[in-house]
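Please open the structure in your viewer and keep the sequence beside it. This tour moves from one selection to the next, and at each stop it says what is there.

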Amino acid sequence: MSGIRFHVNGKEHRVPQSFAATTSLNEYLRESAGLNGTKVMCKEAGCGCCAVTVTLAAPDSDKLKTFSVQSCVTPLYAVDGWQISTIEGIGSQRKGYHPIQERIAKFNGTQCGYCTPGMVMNMYGLLHQKPNITAQEVEDNFDGNICRCTGYRSILDAMKSFAGDANIPDSKAIDIEDLNMNLCPKTGEACTGKCGQSLDLQLNDARWYRPTSLDQLSKVMKDNKNKKIRLVFGNTSTGIYKDDGPYGVYIDLHGVKELYSYEVNEKSVRLGAATTLTHVIERLKANQKKPGFKYFHDVSKHLKVVANVMVRNGGCIAGNLMIKYWHKEFPSDVFLMLECAGAQVEIFSSTSGKKETSSMMDFLNKVDMTDRVLTAVILPCLADHVVYRSFKITPRWQNAHAYVNAAFNIPIEGLVIKGRPSVVLGGISADMVHATKTEDFLANKTLSPAVLKEAYTTLRDELIPTQNSLEATPKYRKDLASGLLYKVLLSLLPSKSSQVRSGVEDLHRPTSSGLQTYQEMIYDFPIHKGLPKKEGPVQAAGEAMFVNDMPKFQNELYAVFVLADVASATIESIDASEALKLAGVTHFFSAKDIIGENNYMFAGSLFQLTPHELFASKEVFFNGQPLGLVLAETQAVATTAAKLVKVTYSKICTPVLSVEQSLAKDMEFKDARITKVVGTPDEAWKTVDQQVEGTVKMGSQYHFYMETQVSLAVPSEDSIDVYSSTQNSDSCQDAAAQIIGKPLNFINITVPRLGGGFGGKVFEPAMLTAASSLAAYLSDQPVRLNVDLASCIRIFGKRQPFVAKYKAGFTQEGDVKVVDVEILGDSGYTDHGAMYTHECIHFMDMGYFVPNWNIVGKVMQTNKKSMTPTRAPGTVPGALIIESIMENVAKALNKHPVFVKEINLYQKGQKDIMGHTLNNCTIRDVWRRLKDIAEVEGRLRQVEAFNQENKWKKRAITMTTCKYHMNHYGPGLGATVTIYGRDGSVAVTQGGVEMGQGLYTKVAQGVAHVLGVPWEIIKVKPMQGISSPNSMVSGGSIASESAMQAAIGAAQILKERMAPIREKFPDADWKELCQKSEANKLDLSARFFNRHELGGDPVANYHTYCAGVIETEVDILTGESQIRRVDIMADYGESLNPVIDIGQTEGGFIMGVGCFLTEDTKFDKDTGRILTDGTWNYKPPTTKDIPIDWRIHLLPDTPNPFGVRSSKACGEPSIGLATGALLANKQALEAARKDLFGAKDFIPVDAPFTPEKAQQSVGLDESVLAV
């Protein structure tokens, strides 16, 4: 046949040769097969939302295997003969849900739901591999799935409930019959995996081969020796090196039987080149207890932190080695470990037809692989006296490439090194593999403390790390490599000090666990009931439709922005002629094509925002600024065409990328400066006993919504229908109308749901709706504008970075009397960021009463995109500043911060920094209860004892607080409740946007309570501008309660309207009552607008209070850390839904962990381009970055008289508590400095406090490397 054949969910798919060779399985599933339950986000195998399972047998086996892969990097033409299962194929609301889908919904493991299909399919593949799975195996195998919403705990609990050893309520192992192994449609029997065939396909842009033997492979390579060839297996390297190619020939190696060999003898283990990394791990574990192969334990352990499980399932050992071959700078863990073990590779030459073996170093540096292919890796038997250890030090616990990786092979008897050891390092430079001078020095040495120190010095002297904007500093990488050598040599030396032995082992992370306690109120049922999300099951089945899941419209065009590649310049010309010549390209639009006003930033009654051009007309202010829009018939063509647009610039300037640079150039937006004076600070300074000074720094944070920004504009008879992923429909409607010079009623806007928002979809989606609407209007065709991850990170605003300098005065007891703070807020290229500097000041006090303040907030201009709201934009910087101040005060008094903070907590009746009188303040009650229930004082003693016993591992514990003022800002939200008279079912539409916070669920709870009906008969429909106009933005934590109150109001109108009918028919059931009401011609639809009124003194309606206890452990030699335990207590009044509110609390906290510990944003200092623009370099937390022991408690018996149904909002307060993770780590490092140097200083606060910053703050040198 011409093309390929495979099965998806049991249905045969025949694919012709018309697709490009680079087409991914994900693109085919979504764009051609219409299976949009499989999501797409990063397109680099880094997020997991695209997961599917595949079933096939290797050519050398009849055994069928099912496993999960990431479809975004799986080539379409590689799946010939495969069976593929997508989320649609394993369960649905019509056919019945799969147990995994049911379980994750039941455990409230979904919020926005965008990542959920990937989570389910990863587990589906995992259970096929290991039906009798353990809880630890579950945690080890979710390293490739990112969720920004949940904080992971609920997801892990759901998945661990399938484990036999899980201590989780409602646990139940999977029934093997429920795994739904599909039968092969060809035979009606279990698939043999032999449906595949050799392939020779002439595609439009390349030739695709699948040989089935080494001889066939040799012939193909010889026949194409003058062409650029790409050998394909897992194809996972395309997630890292996206610009490799183009290639004229692709050779799929899945069918070459000889590449799957597996041979074991006394001298070696031979693994075929096509052995996946997952199978490598399995085979090494199977042999690790045999003589000479005990080092396999270390190798397999290390391999488990290479990439992620789905990459390891799809990628083979030879593929990883070839990435290293073609990209010498790639820190390949596989190459490193094999070279250190003395492994060899077997190489087949297509020219000679012969095989030869080569050392790893010769393979890397001497062998010309252009006509050759790896056929096997041979791992040798090592002598019993060989000590083998390897390390990988990364920015987060898993799925991250190394700062530095290292492997050590040391033959030693007693203390005598027998011969020459092997010291192999990665991440130092592209050229460095062996530390040869250190190896020379250690050869035949007798280990001693003196030898250890000299080896350490020798290594440091020979290391010359390269300087790169994306890599850690050369000093850290040098310190890290030296510290790893110290760890290994320390393990070989007898130590007189048990304290020092803590330097030998890595941090140990056990299986995580969680506990949640809350009070359910029964008087308002089902309000206050802990119910899972109403739409959880459809999210888990991939049936929840997001904007980009909508089917393609007839004649639809795809749009891609053309972006500036400089940060400060004048545009001289834009030439799109080459792009327009490309087949399939239809239009290019720029500023000159705009009909209305070139501005997408809505300026309404709530926000008076600085204008932002949709397309830069003359001046470029940041790298990534949109200059125009390319339209084409396919997404791929539009993406290619956008790169062909040529832009000529003049007056290119060096970009200003920090507030310090901005200050030096006097680039402050002086009109936006804010000064806040509380009390009499000048007088207060005369009364204090002591004072401290310090600086707090915080970088930016990308929202990392899993659904990237998207807008779809469709011309209709007299308007444009716009489908947007936005938190702020009004601003999008306004921008779309304004850009084409039309009234607002020309734009019909619909917001189905959001795949995460976190503030990033408050203002920025207006840019997309404006652009897509302009393009649709000018082209008179539907236009879909879906921005890829890298472009999202480049184009859109992020959390505001800042530098704060403070001075605090206090008494000998620790009572803080006065604080002076100067804040420099990075606003980006406009003063748009001023609101976040102001918000920071409003939240500066958090839970602490300071009677006197003098705060100056300066808004600084830089060559970056204007900053935008990011979850708790005031709380996050405010919490970091005040918590840092309190910790510094405690340090100066030689007291633990817990006790100093306790002294300064607010009391009822005091006024806060904004002048609110806190008559209902519960922070002291929250603190006291939490401190007791978390056994803080006892654990402080345990931490102190641990630190005395361990020199190179240190622990710390601290407490943090939050006082979050909730403002019912904006006009409010409306809701319409409709009852269908024939059957009594209920539909609700309202102005709030569902983005994972449980808004629809809470609305349904409220309506069910008022009408007295089961919540199952209520459906909440997507937000539409025509039915919910003039709505406030869904943000600031309050949309759910406002929407619920609006829906309750509408339901109450209907209840009162139906009351006379009820009086006539008191015994009628609900359905009959509705029928009678319809028969009596009642209007069974009602609308209510919940108008917002700012209450309180002066602006807050009420305050949410919470506190956290955070305990961490740090490896002093590497800077790595883990959060051992977190206890949180929150006053949410009478929670509308405790299960959902706890999920919000956990998700907020983990987003804070990312902000304060892992998510580092870096720029090119010359071009201003953001470098951390994907999952390879930007690291939000994953499943093993969460607390090992995580306990959430909601404060009971505290109704909120000012909240909806006595509740409080919960979406944002918890994020600030995560400052405790940074500060506890810092305390641990200060304990180490005290041990090592007698230092009592306060380490400056600099977020994100990455392992690099942590380790470098200690100041280690060889003088402290005791044994």
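Predicted model: local features only at pLDDT ≥ 70, side-chain atom pairs only at ≥ 80, totals over all residues.

The open sheet has six strands, arranged in the order 26-34-33-32-27-44, and their pairing is mixed. Select strand 26 (674-678) and strand 44 (1245-1247), and you have the two edge strands, each of which pairs on one side only. From one strand to the next, the twist averages 10 degrees.

As background, the strands of a sheet pair through backbone hydrogen bonds, and they do so in either a parallel or an antiparallel way. Now select strand 27 (residues 690-698) together with strand 44, which pair in the parallel sense over three bridges. Within this pairing, Val-696 stands opposite Val-1245 in strand 44.

Helix 25 (residues 834-842) lies across strand 26, strand 33 (816-828) and strand 34 (852-861), and helix 25 runs at about 165 degrees to strand 34. Helix 26 (residues 875-893) lies across strand 27, strand 32 (802-810), strand 33, strand 34 and strand 44, running at about 145 degrees to strand 27.

Move on to helix 6 (residues 153-160), where eight of the eight residues are buried, so this helix is largely enclosed by the rest of the structure. Among these buried residues are Ile-155, Leu-156 and Met-159, and also Arg-153, Asp-157 and Lys-160. To see what surrounds them, show helix 3 (99-106), helix 4 (116-129), helix 5 (135-140), strand 19 (513-517), helix 33 (1138-1158) and strand 43 (1189-1194), against which the buried residues of helix 6 pack.

Strand 7 (residues 207-210) runs parallel to strand 9 and is joined to strand 9 by three bridges, with Arg-207 having Val-249 as its bridge partner. Strand 8 (residues 229-232) also runs parallel to strand 9, and four bridges join these two; here Arg-230 stands opposite Tyr-250.

Then colour helix 9 (residues 296-303) and helix 12 (residues 333-341), which pack at an angle of about 170 degrees with their axes 10 Å apart. These two helices are therefore roughly antiparallel to each other. Val-299, His-302 and Leu-303 in helix 9 meet Asp-333, Val-334, Leu-336 and Met-337 in helix 12, and the residues of this contact divide into five nonpolar, one polar and one charged.

For the last stop, select helix 31 (residues 1039-1064) and helix 32 (residues 1070-1079), whose axes are 10 Å apart and which pack at an angle of about 105 degrees. Helix 31 and helix 32 are therefore roughly perpendicular to each other. Their contact includes Met-1058 and Ile-1061 of helix 31 and Trp-1070 and Leu-1073 of helix 32.

How values were computed: Residues numbered from 1 in each chain as written. Heavy atoms only, no water. Pairing = 2+ DSSP bridges. Axes fitted to C-alpha atoms, helices over the stretch in contact; angles between N-to-C directions. Contact = heavy atoms within 4.5 Å. Buried < 20%, exposed > 50% of the residue type's maximum accessible area, 1.4 Å probe, protein only. Parallel < 35°, antiparallel > 145°, perpendicular 65-115°, else oblique. Nonpolar A, V, L, I, M, F, W, Y, C, P; charged D, E, K, R; others polar.
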